[in-house]
Structure formats: C-alpha cells, structure tokens
Amino acid sequence: LWFNPARSGEGWDIQILSDGTAYVAWFTYTPTGEPLWLVGGGQIIGNEIIVAEFLVATQGTLFGPEFD
C-alpha cells in the first residue's frame, strides 16, 4: 500500500501474485469529489512495469445500512 500524505484519501494497492501477474487498485476521487476505485490486473514486465490487461472503475463506494 502507498499513499501521499499531501493527498488525503488517495493511494495505491499493488499485490504481486505468484504467477507473475499483479493486482492493482487506485483509490482516488472523481473531479466532483466522489470516491472512485480503479481496479485491474495484468502482467509484470521487468522490475518496474505492470501492463494492466483489464481495468474496472467502481462506483457506489458508500457503506451503511443500504450497502448490498
């Protein structure tokens, strides 16, 4: 997990998997301030590059009694 303290509420989750792929998630905000998670996965190239073969933008990140 990584985050920049200057940008509260935003950061990255990167998990390296045993099959040479990676899971990535970027938690951030839309331009209007709504929470946004971008989640994907893909191949690791060398030591520094992850090529996301898919990327999903989530919505409805609020939790509470209406959460399903």
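This is a predicted model: local features need pLDDT of at least 70, side-chain atom pairs count only at pLDDT 80 or more; totals for chains, interfaces and linings use all residues.
## Overall fold

The protein has 0 helices and 5 strands. Read from the N terminus, its elements run β-β-β-β-β.

How much of the protein is buried? Buried residues account for 22% of its 68 residues. The protein exposes about 5500 Å². Carbon and sulfur atoms supply 60% of that area. Contacts across the sequence can also be sorted by separation. Take the contacts between residues at least 6 apart in sequence: 9% of them join residues at least 24 apart.

Which residues make the nonpolar surface patch? They are Trp-2, Trp-12, Ile-14, Ile-16, Trp-26 and Ile-50. The patch covers about 600 Å².

Strand 2 spans residues 11-16. This strand gives the most to the patch, with 3 residues. Trp-26 sits in strand 3, which covers residues 21-29.

## Two stacked tryptophans

The whole structure holds 2 aromatic pairs. One of them joins Trp-12 and Trp-26, and this pair is stacked. In general, two numbers describe such a pair: the distance of the centres and the angle of the planes. For Trp-12 and Trp-26, the centres are 5.4 Å apart.

What does the pair tie together? Trp-12 lies in strand 2 and Trp-26 in strand 3, so the pair links parts that are 14 residues apart in sequence.

Trp-12 has 35% relative accessibility, so Trp-12 counts as partly exposed. Trp-26 has 32%, so Trp-26 is partly exposed too.

The structure holds 1 salt bridge. Glu-10 forms it with Arg-7. Their closest N and O atoms are 2.5 Å apart. Glu-10 counts as buried because its relative accessibility is 11%, and the cut-off for buried is under 20%.

Glu-10 has another partner. A polar contact of 2.4 Å joins its side chain to the side chain of Thr-28. Thr-28 lies in strand 3. Is Thr-28 buried or exposed? Thr-28 has a relative accessible area of 7%, so Thr-28 is buried.

What does Thr-28 touch, once its neighbours within four places in sequence are set aside? Thr-28 is in contact with Glu-10, Glu-34, Pro-35 and Leu-36.

## Glu-53 in strand 5

Glu-53 lies in strand 5, which covers residues 49-57. Is Glu-53 buried or exposed? Its relative accessible area is 56%, so Glu-53 is exposed. The cut-off for exposed is over 50%.

Where in the sequence are its contacts? Not counting residues up to four places away, Glu-53 touches Gly-41, Gly-42 and Gln-43. Glu-53 and Gly-40 are 13 residues apart in sequence. In space, their C-alpha atoms are 7.3 Å apart.

Terms used:
Residues are numbered from 1 along each chain as its sequence is written. Side-chain values use heavy atoms; hydrogens and water are left out. Patches are made of residues with over 30% relative accessible area and no salt bridge: like charges are joined within 9 Å, nonpolar side chains (Val, Leu, Ile, Met, Phe, Trp, Tyr) within 5 Å. Accessible areas come from the Shrake-Rupley method with a 1.4 Å probe; for residues, only the protein chains shown count as cover. A salt bridge is a side-chain nitrogen of Lys or Arg within 4 Å of a carboxyl oxygen of Asp or Glu. Helices (H or I, at least four residues) and strands (E, at least two) are DSSP runs, numbered from the N terminus. Buried means under 20% relative accessible area, exposed over 50%, partly exposed in between (1.4 Å probe, protein chains only). A polar contact is a pair of N or O atoms within 3.5 Å; within protein, one must be able to donate a hydrogen and the other to accept it, and residues adjacent in sequence count only if both atoms are side-chain atoms. Contact means heavy atoms within 4.5 Å. Rings of Phe, Tyr and Trp (its six-membered ring) pair if their centres lie within 6.5 Å; planes under 30 degrees apart count as stacked, over 60 as edge-to-face and the rest as tilted.
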